[in-house]
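Work through the exercises below with the model open beside you. Try each task before you read its solution.

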Amino acid sequence: MSHVIAVAGKGGVGKTTLCGLLIQYLCEQKKGPVLAVDADANSNLNEVLGVEVDMTLGDVREEIAQAEMAVKSPIPAGMSKADYAEWKFNSCLMEEDDFDLLVMGRTQGKGCYCFVNGLLQAQLQKRQNSYPFMVVDNEAGMEHISRGILPSMQTAVLVSDCSRRGVQAVGRIARLIEECDLKPQQVGLIINRAPDGKLNAGTMEEIEKQGLNLLGVVPQDETVYEYDCDGIPTVNLPKDSPVRAAMMDIIGKLNL
Ligand SMILES: Nc1ncnc2c1ncn2[C@@H]1O[C@H](COP(=O)(O)OP(=O)(O)OP(=O)(O)O)[C@@H](O)[C@H]1O
Ligand SMILES: [Mg+2]
């Protein structure tokens with residue numbers, strides 16, 4: 001069975017950046033193939049990984065849901081919706097050497113998508129076991145997981161900045177994970193963008209108050225930000241980059 005790692009946290013704290021480095025680490029450690037899932041409607045994991053995306057699951061969902069109403073259905077005559085979903089699902093898998101990327105795409109329009117979601121969920125479940133690891137970059141909050149579209153997770157990686165509010169937000173996500181009965185084997189916290197890689201006492205106090213398991217601290221590094229601004233994939237950071245080094249150390253503490 002695939003080991004699912006879900007990355008979650010408040011908006012803009014560096015989830016996608018760290019998710020990309022986590023995928024890169026797993027591939028370098030030959031733990032692949034990895035299924036990378038971009039579950040953020042505002043998808044950009046592909047940019048961090050340096051992958052072009054042709055089609056998202058959202059596009060397929062929309063196409064199937066609209067097919068009945070269209071004058072000319074995009075589904076070929078004689079093909080069932082389930083077969084069409086399977087065929088189209090393949091076009092959504094961006095295949096790289098050590099990982100495949102699946103982009104969930106934008107949120108749904110009006111109407112009931114339960115049936116289409118069910119078809120796509122079945123496709124995901126069918127394929128999931130061909131990947132030893134599946135890494136999910138979530139949007140702020142955990143909607144995809146609480147709605148059951150994505151499988152449950154074995155590892156939850158919570159990401160926060162150094163702010164108390166960021167830590168409180170991941171504290172809420174940790175409780176949501178418990179309430180949804182997701183039962184991950186491990187839940188760990190990464191503090192990102194720490195000035196000089198150091199935590200101040202106030203943040204540490206909040207982490208303890210929230211009862212979170214701190215895996216480690218990733219420093220603020222202007223190169224990461226500059227790469228982003230220049231459109232260079234984060235995975236192209238040099239091996240000795242302090243952010244990559246910190247992530248190596250942190251991931252090593254996870255039981256993967
Ligand atoms: N350690 C770091 N040092 C400097 N900049 C960083 C660091 N980590 C992330 N960033 C920058 O912070 C910005 C937000 O990062 P990212 O997109 O990964 O956050 P996110 O949590 O995925 O955001 P969203 O909630 O919008 O999906 C990006 O410009 C990224 O380059
Ligand atoms: Mg993101």
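**Exercise 1: a residue in a loop**

Leu212 sits in the loop that links helix 8 (201-209) to strand 8. Helices (H or I, at least four residues) and strands (E, at least two) are DSSP runs, numbered from the N terminus. The model is predicted: local features need pLDDT of at least 70, side-chain atom pairs count only at pLDDT 80 or more, and totals for chains, interfaces and linings use all residues. Residues are numbered from 1 along each chain as its sequence is written, while chains are lettered from A and ligands numbered from 1 in the order in which they are written.

Task: decide whether Leu212 is buried or exposed, and list what it is in contact with.

Solution. 
- Step 1. Take the cut-offs: a residue is buried if 20 or more other C-beta atoms lie within 10 Å of its own, exposed if 12 or fewer, and partly exposed in between, with C-beta atoms placed from the backbone.
- Step 2. Count for Leu212: 20 other C-beta atoms lie within 10 Å, so Leu212 is buried.
- Step 3. Find the contacts (C-beta atoms, placed from the backbone, within 7 Å). Neighbours within four places in sequence are left aside; Leu212 then contacts Leu158, Val170, Gly171, Ala174, Leu189 and Ile207.
- Step 4. Tyr25 is 187 residues from Leu212 in sequence, and 24 Å away in space, C-alpha to C-alpha.

**Exercise 2: the two sides of a helix**

Task: find which residues of helix 7 are buried, and say where they lie around the axis.

Solution. 
- Step 1. Check the length. Helix 7 (residues 164-179) has 16 residues and reaches 22 Å from first C-alpha to last, close to the 22 Å expected at 1.5 Å a residue. The expected span is 1.5 Å times one less than the number of residues.
- Step 2. Pick out the buried residues: Gly166, Val167, Ala169, Val170, Ile173, Ala174 and Ile177.
- Step 3. Look down the axis. These buried residues fall within an arc of 155°, so they line one face of helix 7. The arc is that of the directions from the helix axis to the C-beta atoms.
- Step 4. Turn to the other side. There Arg165, Arg175, Glu178 and Glu179 are exposed.
- Step 5. Name the cover. The buried residues of helix 7 are covered by elements including strand 1, strand 6 (155-160), strand 7 and helix 8.

**Exercise 3: an enclosed strand**

Solution. 
- Step 1. Find the pairing strands (at least two DSSP bridges between them). Strand 1 (residues 3-9) runs parallel to strand 5 and is joined to it by five bridges. Strand 2 (residues 34-39) also pairs with strand 5 in the parallel sense, over six bridges.

**Exercise 4: around the ligand**

Task: say how many residues surround ligand 1, and sort them by class.

Solution. 
- Step 1. Count residues whose C-beta atom, placed from the backbone, lies within 6 Å of the ligand. There are 19, and the closest are Gly14, Lys15, Thr16, Thr17 and Asp228.
- Step 2. Sort them. Ala, Val, Leu, Ile, Met, Phe, Trp, Tyr, Cys and Pro count as nonpolar, Asp, Glu, Lys and Arg as charged, and the others, Gly among them, as polar. The shell has six nonpolar, eight polar and five charged residues.
- Step 3. Trace the sources. Helix 1 (15-28), strand 7 (186-194) and helix 9 (222-230) each supply at least two residues of the shell.

Note on methods:
Two residues are in contact if their C-beta atoms, placed from the backbone, lie within 7 Å.
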